[in-house]
Amino acid sequence: MAGGTFKMSQPKVRPGTYVNVKNGRQATAPSSTRGVGVIPLIGYDWGPRGQWIVVSSDSPDGHLSEFGRSIYDDSNSAMIMLQLMLLGATTVYVYIPDGGKAASGKTTLDASKEMTITAKYKGSLGNKIKIVSIENPAGGFDVSVILDGSEVELFEGVKTVEDLKDCSEYVTFTGVGTLKAFASVSLTGATDDVSGNTGISDFLDKSEKVRFNCMCFPSTESSLQTALLTKIKYIRESIGWRCQAVAPNFSANYEGIINLVNSFAYGEKELTTAEACAWLAGATAGADYVTSLTYKTVTGATYVVGEMNNEASIEAINAGKTFFSVDEAGEVILEYDINSRVKLDSETPQDIRKNRPLRVYDTAANDLLLMFPPNKFSNDEDGWNAMEGLGRSRLQLYEDDGATTNVNLDEDFLVDRGKSSGDSTYIRMGLQAVDSAEKFYIDVITR
């Protein structure tokens, strides 16, 4: 379905839902489900390339064979990032850009026939795979797949190579002939090389189809960050789905990009800023429109890496930078829930650089996209009444949730009956987002 923003001077060609968010008592409204994050694992050493692996917080280790390890493997950077994202997100779409080579190995069977074993996926983790065959007393052979010293699969009583076809989630067996016992076949030749930026471009293109709330983009390469900004703008303003991305040290001056500039130690490991983006992306994805992440504690963090003093903190906030600090109790917290937007014009809501109000506006725009698809209503008095009833019930929900204030149901959702005709309907929706009390100014009067 088409969507995005619109200009009165440029009528749209495609049927769709087009939403502008403007300053004043005109805008949009919230209630879309949140909690969906996306992340590319750049240069990861295993797994299916160029497709989504959907990880749920209900079963984080539901993709052991695809990742080649548990997401609780604290020795692996990519798995740490998934752990951090799932602290806030309920669902994470994981993408491994294409690149590298798959490991392989061979062994000679009886009658000089060969069996070839090839790792299921590209990546250097395949070099840690060994295949062992032991004679089974009851007949045939027991074939083990060993990954990094641990048996991950066992096929018992196998007699021929053909019996192993399509059995394994880690390797592919090819060849013909009767099996025999052998001590081990080690796979070799795998690499993690990523050629150019094609894989990331593919990731960004495919992310258009996922209705995510926040993306973790763990790359500091300027050309990739520029591509990220272009894509997030396109998704927000042309497709019409409002989302954000967290990137390290990226002054994008855009509300769709959160610019994280420092990190923290997770357990005993000091994270890079790129790795720490995963926590903020997960927390942002899971935060609803009545929640601010300002001063939110980072579970599992032990200290801040790159902590700022007061002067540096003020400078960073004014520049649209997000960072971690330490509160009075010694906990690692997110200092201020803002995005990278610093320059505002008269058409832009003045609170848009704060992420809680932005989530109100974004959820509203996403709700309208879902509530008003093409061809659901007749463009006449009956249809307009139905639209207004639906819109006002949503406004009531926002007020009841505490996301908006100063709601006037009779005036804040109106179909413009004078403009609406043919297949075009014009609606105005008034919305005032509620922010969190994050700065207190108190006069103490002595008596």
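**Figure 1. Helix 7 and helix 8 in the predicted model.** The axes of helix 7 (residues 355-371) and helix 8 (residues 381-401) come within 12 Å of each other and cross at roughly 150°. The structure shown here and in the following views is a predicted model. Because angles over 145 degrees count as roughly antiparallel, helix 7 and helix 8 are described as roughly antiparallel to each other. Their crossing is right-handed. On the side of helix 7, the contact involves Ala 364, Asp 367 and Met 371, which meet Leu 390, Gly 391, Arg 394 and Tyr 398 of helix 8. Sorted by class, the residues in this contact of helix 7 with helix 8 are four nonpolar, one polar and two charged.

**Figure 2. Helix 2 packed against helix 5.** Helix 2 (residues 77-85) and helix 5 have axes that come within 7 Å, with a crossing angle of roughly 25°. Helix 2 and helix 5 are therefore roughly parallel to each other. The crossing in which helix 2 passes helix 5 is right-handed. Helix 2 contributes Ser 77, Met 81, Leu 84 and Met 85, and these meet Ala 274, Glu 275, Ala 278, Trp 279, Ala 281 and Gly 282 of helix 5. The contact of helix 2 with helix 5 comprises seven nonpolar, two polar and one charged residues.

**Figure 3. Helix 3 alongside helix 4.** The axes of helix 3 (residues 198-207) and helix 4 (residues 222-239) cross at roughly 10° and come within 10 Å. That angle makes helix 3 roughly parallel to helix 4. A right-handed crossing is found for helix 3 and helix 4. From helix 3, Ile 200, Leu 204, Asp 205 and Ser 207 take part in the contact, and from helix 4, Leu 224, Ala 227, Leu 228, Lys 231 and Ile 235. By class, six nonpolar, one polar and two charged residues form the contact of helix 3 with helix 4.

**Figure 4. The largest nonpolar core and a separate one.** In soluble globular proteins, nonpolar side chains tend to be buried together. The largest nonpolar core of this model holds 69 residues, and Leu 41, Phe 67, Ile 131, Phe 264 and Phe 324 are those with the most contacts inside it. Helix 5 (residues 273-286) supplies the largest share of this core, eight residues. Apart from this core lies another, of 24 residues, including Leu 204, Ile 235, Cys 243 and Ala 247.

**Figure 5. The surroundings of Ile 131.** Ile 131 is among the residues with the most contacts inside the largest nonpolar core. When neighbours within four places in sequence are left aside, Ile 131 is in contact with Ile 117, Val 143, Ser 144, Val 145, Val 171, Phe 173, Phe 182, Ala 183, Ser 184 and Val 185.

**Figure 6. Asp 443 and its setting in the chain.** Asp 443 is located in the segment after strand 23 (427-429). This residue counts as exposed because its relative accessibility is 71%, and the cut-off for exposed is over 50%. A distance of 56 Å separates the C-alpha atoms of Asp 443 and Pro 97, which are 346 residues apart along the chain. The C-alpha trace of the chain spans about 90 × 65 × 40 Å along its principal axes. The chain contains eight helices and 23 strands, and 49% of its 447 residues count as buried. Among contacts between residues at least 6 apart in sequence, 64% join residues at least 24 apart.

How values were computed:
Residues numbered from 1 in each chain as written. Predicted model: local features only at pLDDT ≥ 70, side-chain atom pairs only at ≥ 80, totals over all residues. Heavy atoms only, no water. Core = buried A, V, L, I, M, F, W, Y, C linked by side-chain atoms within 4.5 Å. Buried < 20%, exposed > 50% of the residue type's maximum accessible area, 1.4 Å probe, protein only. Helix = DSSP H or I, 4+ residues; strand = E, 2+ residues; numbered from the N terminus. Contact = heavy atoms within 4.5 Å. Axes fitted to C-alpha atoms, helices over the stretch in contact; angles between N-to-C directions. Parallel < 35°, antiparallel > 145°, perpendicular 65-115°, else oblique. Left-handed = near helix turned anticlockwise from the far one by under 90°. Nonpolar A, V, L, I, M, F, W, Y, C, P; charged D, E, K, R; others polar.
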